[in-house]
Amino acid sequence: MAACQAWATQQRKRPQLTSSELPLRDFLQQWFDAIEPEVAPSSLVTYRWAMSKIPESLQGTRLEQITRRALQSMLTDLSRTLSLSGVRVVRAVISKALNDAVDWEYIPSHPAHRLRVGKGETPEATAWDDE
């Protein structure tokens, strides 16, 4: 009985969205609001930061129209301005959000599945001599 009540409570918390018309920006905000009570404050700051790095052009795209190619392109572009770890954080947050979109049945498949982040540039080693 307690498990049924917990499930019912979770379903009531779930945002009521129409995925066919929902821009990524709106989904991300509603997703953030839904997870906020369950996530540590420091993680919420990281999530907000990562969400702010998603380009406006992608944020305006309807959730069901987000493609793996568009997400991969975004990560490639971000790798020019962010550190490798920063790009990985953005990937992790968008992947988590879109995974929840699939779980909530807003989209049928996970477009962020298997996104790749480069290994980054290896700085040139500095040779030291005795002098």
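The model is predicted, so local features need pLDDT of at least 70 and side-chain atom pairs count only at pLDDT 80 or more, while totals for chains, interfaces and linings use all residues. Residues are numbered from 1 along each chain as its sequence is written, and side-chain values use heavy atoms, with hydrogens and water left out.

**Helix α5**

- Helix α5 spans residues 68-78; helices here are DSSP runs (H or I, at least four residues), numbered from the N terminus.
- Which residues of α5 are buried? They are L71, Q72, M74, L75 and L78, where buried means under 20% relative accessible area, with a 1.4 Å probe and protein chains only.
- Seen down the helix axis, these buried residues fall within an arc of 155°, so they line one face of α5; the arc is that of the directions from the axis to the C-beta atoms.
- The buried residues of α5 pack against α4 (56-59) and α6 (84-103).

**The nonpolar core**

- The largest nonpolar core has 34 residues; such a core is a set of buried Ala, Val, Leu, Ile, Met, Phe, Trp, Tyr and Cys residues joined through side-chain atoms within 4.5 Å.
- L24, F27, L28, W31, L63 and L71 have the most contacts inside this core.
- Two or more residues of the core come from each of α2 (24-35), α3 (41-52), α5 and α6.
- Leaving aside residues up to four places away in sequence, L71 touches L58, I66, I94, L98, P111, A112 and L115; contact means heavy atoms within 4.5 Å.

**Aromatic rings**

- There are four aromatic pairs, counted when ring centres of Phe, Tyr and Trp (its six-membered ring) lie within 6.5 Å.
- F27 and Y106 have ring centres 6.1 Å apart and planes at 75°, so this pair is edge-to-face, a label for planes over 60 degrees apart.
- F27 lies in α2 and Y106 in the segment after α6, so the pair ties together parts 79 residues apart in sequence.
- W104 and Y106 also pair edge-to-face, at 5.7 Å centre to centre and 80° between the planes.
- F27, W104 and Y106 form one aromatic cluster.
- F27 counts as buried at 0% relative accessibility, as does Y106 at 7% and W104 at 15%.

Conventions
Buried < 20%, exposed > 50% of the residue type's maximum accessible area, 1.4 Å probe, protein only. Phe/Tyr/Trp six-rings, centres within 6.5 Å; stacked < 30°, edge-to-face > 60°.
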